[in-house]
Amino acid sequence: MERSADPELACPIAPVVDIVFSRWTTPILWTLHQHGRQRFVELERRLTSITPKVLTQRLRQLERDGLVARTYHAEVPPRVEYEITELGGSLGPLFAHLATWADSHLTDVDQARQAYDAAR
């Protein structure tokens, strides 16, 4: 298969990287995968350094992308829950491979960084 000369079109996984590996997407998906359906405040407690505004934005984008489902319960008070979809869950093997790679190679990356910095 011939690849485009345009760098943004040359790599077939670039769109996936844009969707899945933005700053907060992986922690949100990981948390929903590990802990199941959660309310906004539960996600906020587990992802302590994310602001409510950014969490809202990322959840909306993940819902738009089909990776997260939002369920509104018309109760008093209203309740909203988020859960990973089947499509979002299909990223599990990818995350597992990346976790394995991280366990095997992040020490090497750290050593390479230290060697690079020491040479400067």
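A residue is called buried at under 20% relative accessible area, exposed at over 50%, and partly exposed in between (1.4 Å probe, protein chains only). By this scale, Val17 is partly exposed, because its relative accessibility is 36%. The model examined here is predicted, so local features need pLDDT of at least 70 and side-chain atom pairs count only at pLDDT 80 or more, while totals for chains, interfaces and linings use all residues. Residues are numbered from 1 along each chain as its sequence is written, and side-chain values use heavy atoms, leaving out hydrogens and water.

Val17 lies in helix H2; helices (H or I, at least four residues) and strands (E, at least two) are DSSP runs numbered from the N terminus. Together with Ile13, Val16, Phe21, Leu94 and Leu98, Val17 makes a nonpolar surface patch of about 450 Å². Helix H2 (14-20) and helix H7 (92-119) are the elements that give two or more residues to this patch.

Leaving aside residues up to four places away in sequence, Val68 is in contact (heavy atoms within 4.5 Å) with Leu29, Leu32, Leu59, Leu62, Glu63, Tyr82, Glu83, Ile84 and Thr85.

Helix H3 also holds Thr31, which is buried at a relative accessible area of 9%. Beyond residues up to four places away in sequence, Thr31 touches Gly36, Gln38, Leu43, Arg46 and Leu47.

Key:
Patches are made of residues with over 30% relative accessible area and no salt bridge: like charges are joined within 9 Å, nonpolar side chains (Val, Leu, Ile, Met, Phe, Trp, Tyr) within 5 Å. Accessible areas come from the Shrake-Rupley method with a 1.4 Å probe; for residues, only the protein chains shown count as cover. A salt bridge is a side-chain nitrogen of Lys or Arg within 4 Å of a carboxyl oxygen of Asp or Glu.
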